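Me: Please take a close look at one part of this model, the helix packing. Then go on to the aromatic pairs.

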Amino acid sequence: MEIVVRKMDLSDISFVYEEEVKIFGNSLGEKTLYNEIIYNEMSRYYIVCVDKKRAGYVGSWLTIPNAEILNLFVIEKYRGLGLGKLLMNEVIKTCMEEHIEMLTLEVRVSNEYAIFMYKELGFVQGGIRKNYYSNGEDALLLTLNIGGKI
Ligand SMILES: CC(C)(COP(=O)(O)OP(=O)(O)OC[C@H]1O[C@@H](n2cnc3c(N)ncnc32)[C@H](O)[C@@H]1OP(=O)(O)O)[C@@H](O)C(=O)NCCC(=O)NCCS
């Protein structure tokens, strides 16, 4: 199995859009994804491919001195292979190179699988955002201390 993580480009937009709608029921939208890639200097988006097929993506913003994960998914048939962690580690590596202090993200309180993965990566619970999602569900705020200066 050949696994490659690379920067997202314009050719990946329809994949990300379609899978986000399937997995989350909504998406940042194709136009926003386009603008993120072309114009937003803060954005870092990565795609993971398995045997040249797109398998997942992660989007992040470096809002220096901190950074945040905007979204992450691995398509169902490739889950449990370590690709989610691989994508997260790519963002964490970027954060280290950019001397980021804290990496943060929000996750649904019901998303035990993702929460487990984030905790394995060293994220700790920062707080709860009540009614964060449109269905009224709370978000868990998780943070990873990157440390700023190397
Ligand atoms: C969350 C998600 C990205 C994880 O991706 P993944 O590629 O399956 O994750 P990994 O294979 O890297 O697994 C991460 C860890 O979860 C654990 N894990 C694996 N399979 C598991 C299972 N069936 N149940 C519980 N934990 C499991 C493992 O411990 C694994 O770490 P390890 O094997 O290195 O010890 C993926 O499940 C997904 O896209 N979910 C839907 C979208 C989503 O919830 N995104 C996150 C929004 S915040």
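Reply: Helices (H or I, at least four residues) and strands (E, at least two) are DSSP runs, numbered from the N terminus. Axes are lines fitted to C-alpha atoms, for helices over the stretch in contact, and angles run from 0 to 180 degrees between N-to-C directions. The model is predicted: local features need pLDDT of at least 70, side-chain atom pairs count only at pLDDT 80 or more, and totals for chains, interfaces and linings use all residues. Residues are numbered from 1 along each chain as its sequence is written, and side-chain values use heavy atoms, leaving out hydrogens and water.

Helix H1 (residues 13-24) packs against helix H2 (residues 30-38) at about 135°, with the axes 10 Å apart. H1 is therefore oblique to H2 (under 35 degrees is roughly parallel, over 145 roughly antiparallel, 65 to 115 roughly perpendicular, the rest oblique). From H1, Ile13, Ser14, Val16 and Tyr17 meet Glu30, Leu33, Tyr34 and Ile37 of H2 (contact means heavy atoms within 4.5 Å).

Asp12 sits in the loop between strand E1 (3-7) and H1. Its relative accessibility is 0%, so Asp12 is buried (under 20% relative accessible area; exposed is over 50%, partly exposed in between; 1.4 Å probe, protein chains only). Leaving aside residues up to four places away in sequence, Asp12 touches Arg6, Lys7, Ile47 and Arg54.

Now the rings. There are five aromatic pairs (ring centres of Phe, Tyr and Trp, its six-membered ring, within 6.5 Å; planes under 30 degrees apart are stacked, over 60 edge-to-face, the rest tilted). Tyr57 and Phe73 form a tilted pair, 5.2 Å centre to centre with 45° between the planes. Both residues are buried.
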